[in-house]
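Subject: Structure handover

Hello,

Here is the structure for you to take over. My notes on what was found in it follow below.

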Amino acid sequence: MTLDAAIADLPKLFAADARLVERSRHAAVRLLLEGGGSGWILGLADRKLGVSRPEGPMPGWDIALRGDARVWLDHWQAVPPVDAADIFGMRRAGRLAIEGNFLPFMRHLQVVKDILALPRAAR
């Protein structure tokens with residue numbers, strides 16, 4: 001699995017998980033995921049997840065999750081290593097930087113964490 005492929009599959013994996021879609025009914029958040037020198041915007045609103053590339057030098061996002069490609073690929077293993085099992089564990093291990101507006105992030109934390117873990121189930 002490549003980083004691009006895993007992220008491109010997120011909307012399809014999200015739409016296939018009816019319980020997660022329902023739990024996201026009140027969620028509205030834009031995440032910037034960075035890894036391997038590339039970035040993606042994950043937009044969650046109205047029970048839909050979209051993925052796009054950041055536009056311009058200052059794309060709009062609520063929270064940025066920045067790590068190298070390896071941390072994301074580790075996170076998506078069927079049984080991830082301890083330092084990649086959770087976004088806060090990745091942060092604690094120094095493998096991920098988290099910055100931005102924490103209000104929408106923390107308000108929808110479990111939904112965001114579940115979306116970011118979706119590629120694990122696809123393995």
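Salt bridges come first: the count in this predicted model comes to eleven. In general, side chains of opposite charge can pair when their charged atoms come close.

Another salt bridge brings together the side chains of Arg66 and Glu99, at 2.2 Å from N to O. Arg66 belongs to strand β4 (residues 63-67) and Glu99 to strand β5 (residues 96-100), so this pair ties together parts that are 33 residues apart in sequence. Arg66 has a relative accessibility of 24% and therefore counts as partly exposed. Glu99, with a relative accessible area of 35%, is also partly exposed.

In the salt bridge between Arg95 and Asp74, the N to O distance is 2.8 Å. Arg95 lies in the loop between α4 (87-92) and β5, while Asp74 lies in helix α3 (residues 69-75), so the pair ties together parts that are 21 residues apart in sequence. Asp74 is buried, with a relative accessible area of 9%. Arg95 and Asp74 also belong to a network with Arg70 and Asp83, joined by salt bridges that share partners.

Next, the sheet. In what order do its five strands stand? The order is β3-β2-β1-β4-β5, in an open sheet with mixed pairing. β3 and β5 are at the edges and have a single partner strand each, so one side of each is left without a neighbour in the sheet. On average, neighbouring strands of this sheet are turned by 20 degrees against each other, direction ignored. As background, strands of a sheet pair through backbone hydrogen bonds, either parallel or antiparallel.

Both senses occur here. Strand β1 (residues 29-35) runs antiparallel to β2, and seven bridges join the two. β1 and β4 pair in the parallel sense, over four bridges. β4 and β5 are antiparallel again, with five bridges between them. Leu65 of β4 can be followed across these pairings: Leu33 stands opposite Leu65, and the bridge partner of Leu65 in β5 is Ile98. As for burial, β4 is mostly covered, with four of its five residues buried.

Glu34 is worth a look on its own. This residue lies in strand β1 and stands opposite Gly39 in β2. Is Glu34 buried, partly exposed or exposed? Glu34 counts as partly exposed, at 26% relative accessibility. Leaving aside neighbours within four places in sequence, Glu34 is in contact with Gly39, Leu65, Arg66, Gly67 and Trp72. Arg66 in that list is the residue that meets Glu99 in a salt bridge. The C-alpha atoms of Glu34 and Leu96 are separated by 9.5 Å, although the two residues are 62 residues apart along the chain.

Ser24 is found in the loop between α2 and β1. At 0% relative accessibility, Ser24 counts as buried. Not counting residues up to four places away in sequence, Ser24 touches Phe14, Leu44, Arg47 and Val111.

Last, the aromatic rings. The count comes to three aromatic pairs. Ring pairs link Phe88, Phe102 and Phe105 into a cluster.

Regards

Technical notes. Residues are numbered from 1 along each chain as its sequence is written. This is a predicted model: local features need pLDDT of at least 70, side-chain atom pairs count only at pLDDT 80 or more; totals for chains, interfaces and linings use all residues. Side-chain values use heavy atoms; hydrogens and water are left out. A salt bridge is a side-chain nitrogen of Lys or Arg within 4 Å of a carboxyl oxygen of Asp or Glu. Buried means under 20% relative accessible area, exposed over 50%, partly exposed in between (1.4 Å probe, protein chains only). Two strands pair if DSSP finds at least two bridges between them. Axes are lines fitted to C-alpha atoms, for helices over the stretch in contact, and angles run from 0 to 180 degrees between N-to-C directions. Contact means heavy atoms within 4.5 Å. Rings of Phe, Tyr and Trp (its six-membered ring) pair if their centres lie within 6.5 Å; planes under 30 degrees apart count as stacked, over 60 as edge-to-face and the rest as tilted.
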